[in-house]
Amino acid sequence: MHLGGPLVPCQPVVPQRRLLPFSQRMEQMLGAFQSDLSSISSEIRTLQEQSGAMNIRLRNRQAVRGKLGELVDGLVVPTALVTAILEAPVTEPRFLEQLQELDAKAAAVREQEARGTAACADVRGVLDRLRVKAVTKIREFILQKIYSFRKPMTNYQIPQTALLKYRFFYQFLLGNERATAKEIRDEYVETLSKIYLSYYRSYLGRLMKVQYEEVAEKDDLMGVEDTAKKGFFSKPSLRSRNTIFTLGTRGSVISPTELEAPILVPHTAQRGEQRYPFEALFRSQHYALLDNSCREYLFICEFFVVSGTAAHDLFHAVMGRTLSMTLKHLESYLADCYDAIAVFLCIHIVLRFRNIATKRDVPALDRYWEQVLALLWPRFELILEMNVQSVRSTDPQRLGGLDTRPHYITRRYAEFSSALVSINQTFPNERTMQLLGQLQVEVENFVLRVAAEFSSRKEQLVFLINNYDMMLGVLMERAADDSKEVEGFQQLLNARTQEFIEELLSPPFGGLVAFVKEAEALIERGQAERLRGEEARVTQLIRGFGSSWKSSVESLSQDVMRSFTNFRNGTSIIQGALTQLIQLYHRFHRVLSQPQLRALPARAELINIHHLMVELKKHKPNF
């Protein structure tokens with residue numbers, strides 16, 4: 001109802017809003033935030049899945065691209081390859097580079113064909129034509145190199161070295177044209193086999209022309225007497241048979257400097273009228289064989305790409321005829337060889353060369369060395385046994401006039417034994433020592449047989465001592481002091497020297513020696529009272545010694561120096577005799593100091609032992 005006056009609009013009544021508590025408001029806000037985060041996380045997972053899928057597709061595309069690229073690269077034949085194979089000389093580096101490329105592409109095409117790749121058919125024809133061209137050029141090049149070996153006076157090591165620069169050529173043939181590779185290998189084997197055989201046959205023939213004209217024969221044995229005569233038509237003997245038993249400077253052939261010295265040049269030696277013993281020729285021949293064989297074996301392994309049994313067989317295909325010829329020549333020479341030192345030196349040359357071949361890692365010669373030793377050892381043993389038999393069968397009564405000086409047969413033995421012992425010390429061999437032991441026994445028996453020809457024991461002892469001393473002196477120059485030979489003869493020398501000293505003192509001082517031995521025996525048995533009945537004998541001994549000892553010592557000194565050829569040995573014997581005399585007189589003094597003889601008036605005439613020693617020193621020989 002309107003009551004008059006202007007109407008005033010009514011204000012809407014706003015309901016009073018009630019505020020929520022703070023905790024509830026925070027809970028609502030956090031819930032909204034969590035909902036937003038969940039949606040963002042879902043979007044991130046979706047993006048990650050999309051990114052992973054894209055990466056996989058990228059990798060697959062890259063892998064496909066790489067494989068296709070390799071396939072295309074392997075199948076595509078570059079212009080540079082075609083130009084080099086068709087036009088470039090085989091000696092140019094680019095030909096070798098492109099040949100390796102061609103080999104790789106041919107291998108790649110074969111691999112892809114095996115997998116059934118159809119695109120290979122597009123390039124097979126091109127590669128085959130390039131391969132044929134390359135094989136033709138390589139074949140012609142290598143065969144020309146091999147044919148160049150055949151030219152006279154050619155140093156075949158130069159073209160061999162040149163071939164090694166192109167060893168990939170043969171590898172290419174092995175992988176792409178085996179028939180041509182076999183043709184080249186067979187041609188090489190045939191050519192080099194003939195070259196080596198011709199070279200060594202010629203070298204060996206010329207080498208033997210510079211050997212010493214005088215060589216040992218079957219009658220030049222240790223026990224053969226110098227007066228022995230041969231038949232009317234026989235060749236004259238060596239000017240001095242003793243030379244074949246002496247080592248001299250021959251042992252230098254196995255020294256490190258001589259062993260690998262340059263080989264002998266026969267025509268140079270002939271111009272200079274030089275001559276050599278067989279072992280020097282053997283060393284030169286086999287050093288050349290060793291050097292060339294090692295080089296050939298290493299070349300074969302490297303160029304023909306072989307090893308082990310295949311390398312061994314190929315080496316013997318090249319060198320087999322030469323090695324057989326060398327063995328036949330050695331067998332022929334040894335059949336008429338009687339120089340044991342030469343054969344023994346050859347054995348040690350082979351032993352050293354075998355070690356060198358091992359160090360160079362060349363096993364292909366092992367069988368050859370064994371074959372050579374199988375020829376040398378039996379011959380050496382046969383010659384040694386012949387010398388043993390010659391000494392065993394020697395009749396001293398056929399040796400002509402004998403004297404007490406060292407015999408020429410024992411000197412031969414001493415030189416010969418010392419030579420073999422000194423050589424054997426480097427490569428000890430038990431069989432050699434056994435044979436030398438047999439020879440030593442026969443020589444000792446021979447010396448005793450000759451000594452028995454002398455009538456007096458003193459002459460026998462002088463002969464034995466002179467011979468033992470000479471043999472010992474020669475042996476000690478070359479053999480070790482502890483060798484069996486040195487020890488054996490040292491014992492024999494000492495025993496005979498002691499016996500000779502007793503024999504030497506017996507005439508002038510025999511009575512004194514006999515009394516001292518008897519008196520010492522009585523004293524030892526407790527029968528010293530029996531010495532009382534020996535006053536007259538003792539008095540005579542005292543006065544006899546005092547009056548004659550000086551002249552007796554002078555006489556025995558002169559006798560010793562006349563009897564022994566070695567002044568040092570004679571001096572040693574005199575010293576031994578004087579020492580034994582002083583000991584004897586000292587023992588005589590001790591006997592006279594016994595109560596039973598202490599009151600003997602003649603004791604005053606005894607020579608003072610120290611005075612006797614001073615006087616005897618005057619008779620000691622000086623060097």
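**A look inside the core**

Modeller: Happy to! The largest nonpolar core holds 170 residues, and the members that touch the most others in it are Ile-142, Leu-376 and Phe-588. Please keep in mind that this is a predicted model.

Let's pick Leu-376 and look around it. Once we set aside the neighbours within four places in sequence, Leu-376 is in contact with Phe-282, Leu-330, Leu-334, Val-343, Cys-346, Ile-347 and Val-350. There is also a second, separate core, made of eight residues, and Leu-207, Leu-264, Ala-280 and Leu-281 are among them. As a general background, nonpolar side chains tend to be buried together in soluble globular proteins.

Ser-284 sits in helix α10, which covers residues 278-303. Is Ser-284 buried or exposed? Its relative accessibility is 0%, so Ser-284 counts as buried, since the cut-off for buried is under 20%. Leaving out residues up to four places away in sequence, Ser-284 touches Tyr-203, Leu-207, Ile-263 and Leu-264. Two of these names, Leu-207 and Leu-264, also belong to the second core.

You will find Thr-432 in helix α15, residues 430-451. Thr-432 has a relative accessibility of 0%, and therefore counts as buried. Not counting residues up to four places away in sequence, Thr-432 touches Phe-344, Trp-377, Phe-380 and Asn-424.

Phe-22, Met-26, Met-29 and Leu-30 make a nonpolar surface patch of about 420 Å². Take Met-26, which is found in helix α1, residues 22-75. Met-26 has a relative accessible area of 31%, so Met-26 is partly exposed; that label is used between 20% and 50%.

Finally, let's step back to the whole protein. The protein has 20 helices and zero strands. Of its 623 residues, 43% count as buried. The protein exposes about 34300 Å², with carbon and sulfur atoms supplying 53% of that area. Among contacts with a separation of 6 or more, 78% come from residues 24 or more positions apart.

Technical notes. Residues numbered from 1 in each chain as written. Predicted model: local features only at pLDDT ≥ 70, side-chain atom pairs only at ≥ 80, totals over all residues. Heavy atoms only, no water. Core = buried A, V, L, I, M, F, W, Y, C linked by side-chain atoms within 4.5 Å. Buried < 20%, exposed > 50% of the residue type's maximum accessible area, 1.4 Å probe, protein only. Contact = heavy atoms within 4.5 Å. Patch = residues over 30% accessible without salt bridge, like charges linked within 9 Å, V, L, I, M, F, W, Y side chains within 5 Å. Areas by Shrake-Rupley, 256 points an atom, 1.4 Å probe, with all protein chains shown as cover. Salt bridge = Lys/Arg side-chain N within 4 Å of Asp/Glu carboxyl O. Helix = DSSP H or I, 4+ residues; strand = E, 2+ residues; numbered from the N terminus.
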